[in-house]
Amino acid sequence: MWSTPRHPVPLGFVFRSRSKDEQSAPSRVTADEPQQPRDPQAPKGRPTPKRSEAQSQRRSLANTPTSRKDAARRQREARRADLAKQREALANGDERYLPVRDRGPIRRFARDYVDSRFVIAEFFLPLAVIILILSLVQAGAMQQYVLLLWMIVIFLIVINSVVIGISLKRQLRQRFPDENLRGAVAYALMRSLQMRRLRLPKPQVKRGERP
């Protein structure tokens with residue numbers, strides 16, 4: 001009833017394991033692909049960093065303080081460098097390194113306004129020394145004259161400061177109408193109390209020159 005097939009199929013072809021074929025496929029693929037050498041310093045799973053990036057990383061690691069004493073030393077050096085730049089800026093008026101209270105066009109105009117004028121208040125200290133010396137003289141009515149001279153000096157300084165404050169405030173409102181002018185007049189009046197050669201930042205305008 002049942003006929004035997006004329007060409008029997010080999011059992012090895014039918015029951016051959018697929019696992020051997022699947023395992024051989026990846027090996028052939030990896031053999032065909034060129035293997036790229038990996039940087040031993042590069043983390044696993046990440047691309048090899050460029051030379052410039054590696055050098056910058058090494059420099060940052062070298063600059064990192066290794067101890068608290070080293071960190072404190074570097075902070076002191078940075079502070080000294082900042083102070084040196086600030087002293088130089090106070091001498092030449094460089095806005096980049098001036099103290100915060102002296103920065104900005106408003107403060108610069110206030111300084112130039114005072115420096116360009118003859119201000120009685122800048123002679124307060126030398127006049128005070130002269131009056132103090134005269135007060136030591138006990139001859140005759142010298143004490144009354146000294147007191148009168150002291151009152152005259154104070155009166156002139158107050159009047160001159162009021163005039164400068166009003167005029168400066170008007171000039172600031174014209175030049176900087178939309179800016180915050182708070183503290184600018186007081187800043188200028190405090191500068192007017194200092195002798196011209198001792199003012200910091202150093203005066204950048206001459207007397208009589210318009211700021």
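F155 is exposed (over 50% relative accessible area; buried means under 20%, and partly exposed lies in between, with a 1.4 Å probe and protein chains only), as its relative accessible area is 54%. This is a predicted model, in which local features need pLDDT of at least 70, side-chain atom pairs count only at pLDDT 80 or more, and totals for chains, interfaces and linings use all residues. Residues are numbered from 1 along each chain as its sequence is written, and side-chain values use heavy atoms, with hydrogens and water left out.

**Fold**
- The chain has eight helices and zero strands; helices (H or I, at least four residues) and strands (E, at least two) are DSSP runs, numbered from the N terminus.
- Of its 211 residues, 21% count as buried.

**Surface patches**
- F155 lies in helix α7.
- Together, L148, I152, F155, L156, I159 and V163 make a nonpolar surface patch of about 550 Å².
- Patch residues have over 30% relative accessible area and no salt bridge (a Lys or Arg side-chain nitrogen within 4 Å of an Asp or Glu carboxyl oxygen); like charges are joined within 9 Å, and nonpolar side chains (Val, Leu, Ile, Met, Phe, Trp, Tyr) within 5 Å.
- A surface patch of positive charge gathers K69, R76, R79 and R80.
- K69 sits in helix α4 (residues 68–92) and is exposed, at 71% relative accessible area.

How values were computed
Accessible areas come from the Shrake-Rupley method with a 1.4 Å probe; for residues, only the protein chains shown count as cover. Lys and Arg count as positive and Asp and Glu as negative; His and the chain ends are not counted. The place of a charge is taken as NZ of Lys, CZ of Arg, CG of Asp or CD of Glu.
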